[in-house]
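Let's take a friendly walk through a protein chain, one part at a time. Have the picture ready and follow along.

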Amino acid sequence: REGKLFSLIVSQDDQMYYADSGFYRLFPDLVKNSAQVLDAIVSDSNTSKENLAKLNTALIAKEQATFDVNITNDGQRMKARMSIIPLPRPSGYFFVSARLFAEMRENVSIEISRSEATLLMSLIAKKTLCAQHSLLLNG
């Protein structure tokens, strides 16, 4: 899609469970550490204090939020609009999407199709099962 920068799935504690190729391209350093990815993205913004507060409120309350962030790629700074949307199941997971910011667009909401939601939930379930299995083995 035109203007789309990245999509990912994070848990309520800001742990990354899925990221698309756009995220890997824009944030190669964040891929190595899958914790606090949203904090790191939002912190690079001019309004980082307000955005961090808005992000934390959305994660705790499991609510949708949208805010503007600055993303640096290949020495160029881009303004983007990032949306965080709670997934209906499993509870505590969020779909995050960022698009290039366009002044003429206002209040663009992001919706995901039923098939995309089903795929996302199956990816989360698989990752959760793998993590639980790892804990049992390494206990």
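## The order of the elements

Starting at the N terminus, the elements of the chain follow the order β-β-α-α-α-α-β-β-β-α. That comes to five helices and five strands; helices (H or I, at least four residues) and strands (E, at least two) are DSSP runs, numbered from the N terminus.

Before going further, note that this is a predicted model, in which local features need pLDDT of at least 70 and side-chain atom pairs count only at pLDDT 80 or more, while totals for chains, interfaces and linings use all residues. Residues are numbered from 1 along each chain as its sequence is written, and side-chain values use heavy atoms, with hydrogens and water left out.

## Inside and outside

How many of the 139 residues of the chain count as buried? The share is 40%, where buried means under 20% relative accessible area, exposed means over 50%, and partly exposed is in between (1.4 Å probe, protein chains only). The accessible surface of the chain comes to about 8,500 Å², and carbon and sulfur atoms account for 52% of that surface. Such areas come from the Shrake-Rupley method with a 1.4 Å probe; for residues, only the protein chains shown count as cover.

Helix H4 covers residues 48-61, and its 14 residues should span 20 Å at 1.5 Å a residue; the end C-alpha atoms are 19 Å apart, which agrees. (The expected span is 1.5 Å times one less than the number of residues.) Ser48, Asn51, Leu55, Ala58 and Leu59 are the buried residues to look for in H4. They cover an arc of only 95° around the axis, so they sit on the same side of H4; the arc is that of the directions from the helix axis to the C-beta atoms.

Turn to the other side of H4 and you find Lys49, Glu50 and Ile60 exposed. The cover over the buried residues of H4 includes strand S1 (4-11), helix H3 (37-43) and strand S5 (93-100). Just after H4, Lys62 has a positive phi of about 55°.

## Around Pro86

Pro86 is found in strand S4. With a relative accessible area of 25%, Pro86 is partly exposed. Leaving aside residues up to four places away in sequence, Pro86 touches Lys62, Glu63, Gln64, Tyr93 and Phe94; contact means heavy atoms within 4.5 Å. Pro86 and Glu63 are 23 residues apart in sequence, and their C-alpha atoms are 6.1 Å apart in space.

## Salt bridges

The whole structure has three salt bridges, each being a side-chain nitrogen of Lys or Arg within 4 Å of a carboxyl oxygen of Asp or Glu. One joins Lys4 to Asp20, with the closest N and O atoms 2.9 Å apart. This pair links distant parts of the chain, with Lys4 in strand S1 and Asp20 in the loop between strand S2 (16-19) and helix H1 (21-26). Lys4 is partly exposed at 34% relative accessible area, whereas Asp20 is buried at 10%.

Another joins Arg81 to Asp68, with closest N and O atoms 2.8 Å apart. Here Arg81 in strand S4 is linked to Asp68 in strand S3, 13 residues apart. Lys32 and Asp29 also form a salt bridge, at 3.8 Å between the closest N and O atoms. Both lie in helix H2 (residues 28-32), three residues apart, about one turn of the helix, and both Lys32 and Asp29 are exposed.
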